[in-house]
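Please examine the sequence and the three-dimensional model shown below.

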Amino acid sequence: MKHSCIRILCGLLLAAPAWPALAGSSPALAAALESAWQRALAASEASGRSRIAEARLAATASPWAAPPSIDISQRENRLLRDTGQRETEVGVSWPLWLPGQRDARQRAARGEVDLASASAEQLRLGLAGELRELAWAAAALRAVRDESRLQADSLDGLAADVARRVDAGELAHADLLAARAEAELARADAIEAAQQLRAVESRWQVLTGDLPLPDGADEQPGAATDIERHPELAAAQAALELARRRLDAVKLDRRAPPELTVRYRHDEPGAGMPAQDSIGLGVRIPLGTADRNLERDATALVELDRAQVQLDRTRERLRADVALAEQALNTAHAALEAGRLRAALLVERAALLDRAFRAGESGLPELLRVRAAAAQAQQGVRRQLAMLGLARARLNQSIGLLP
């Protein structure tokens, strides 16, 4: 028992615990994302927008610019002289596409389908980011919990040794109280970390269902040289393309569609005269006016300008996010190396003071202080490992890579 706790600390440090990095993705996180997406309200909304867009695209495949209409009318003189005169007319009207109008509306409808698909991928990426944050928050909290439990066990051993020396008259009872107080403090830290971990696990279960929270979800960082495939940028580009297609459709839709009408007329003159049937053919051509088109043109142009500005700002922001994520990853690497070195030095110092204390050459307060510093440094290494994994995940998130 004499040096077992110190050896445990040194062994953990030399082992340099880490979570296995997979080739560009985390299968556990990918499975969690799929489960969370199936449960997410955003997925239902995205599916609804996609169905609406598909329905609009299907509507443009109709041979008519609008649904046909039927007109039925009848006239008679029953309330006047009631000579049996009656006139019945039935007409069917078909709105016709203007030249190029149908193709323009189809392109706009396909643009809506593309935007719905790109928006769904953007929502999936946002959900992946939340899962990444939760996975690494849990990894950091597990590190604090485990290290605090280890520290509490180590201090329990120290308190037992102090108790024996107090009984032998070598140490004061105040030293025993101090050792026990430090052990309880470490236990309290472990309990607090466990409580926070349960909160993270609860949020994870709300998102993913019954899937377990992985013990780290490490990913190899992707290449940050190209963000053109980022789902958010793809959605902005789809919105810009849709705005262009809508403007083209407006330019070809200068007036309401003309209507082709076929009428059938049945006349009964009355007074014993034979009935007469006739068929008529007519075309209704609405006239476009500048007043009708000014607002539509202006609205389409404003939408196009807004989509272009949104695309430019999105590209600038994503590039800045990637640069910041790369810097954070480099910082996390440097901080981990510095933390490992500091922890190694403090653990070695704690081992030396432990031997000095047991030999009666050092006091308990100094040993407790040094052991606490070594334990905190060891916790820092484990937390920094989690921060390194989170930095990799955030870099992939900024690039737009899904797990």
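Helix α3 (residues 41–59) has 19 residues, which at 1.5 Å a residue should span 27 Å; its end C-alpha atoms are 27 Å apart, so the two values agree. The expected span is 1.5 Å times one less than the number of residues in the helix. Helices here are DSSP runs of H or I with at least four residues, and strands are runs of E with at least two, numbered from the N terminus. The model is a predicted one, in which local features need pLDDT of at least 70 and side-chain atom pairs count only at pLDDT 80 or more, while totals for chains, interfaces and linings use all residues. Residues are numbered from 1 along each chain as its sequence is written, and side-chain values use heavy atoms, with hydrogens and water left out.

The buried residues of α3 are A43, A46, G48 and A53, where buried means under 20% relative accessible area, exposed over 50% and partly exposed in between, with a 1.4 Å probe and protein chains only. These buried residues pack against α2 (27–39) and α4; contact means heavy atoms within 4.5 Å.

How are α2 and α4 placed relative to each other? They pack at an angle of about 125°, with their axes 10 Å apart. Axes are lines fitted to C-alpha atoms, for helices over the stretch in contact, and angles run from 0 to 180 degrees between N-to-C directions. The two helices α2 and α4 are therefore oblique to each other; angles under 35 degrees count as roughly parallel, over 145 as roughly antiparallel, 65 to 115 as roughly perpendicular and the rest as oblique. On the α2 side the contact includes L29, L33 and W37, and on the α4 side it includes A120, L127 and L131.

Helix α4 also holds A152. With a relative accessible area of 1%, A152 is buried. Leaving aside residues up to four places away in sequence, A152 touches A183, A186 and R187. The C-alpha atoms of A152 and L185 are separated by 7.9 Å, although the two residues are 33 residues apart along the chain.

The largest nonpolar core has 47 residues, of which L155, L158, V162, F357, L364, L367 and L395 touch the most other members. Such a core is a set of buried Ala, Val, Leu, Ile, Met, Phe, Trp, Tyr and Cys residues joined through side-chain atoms within 4.5 Å. Two or more residues come from each of α4 (101–167), α5 (173–208), α6 (231–251), α7 (290–358) and α8 (364–399). Helix α7 gives the most, with 16 residues. Another core, of 20 residues, lies apart from this one and has W37, A46, L127 and L134 among its members.
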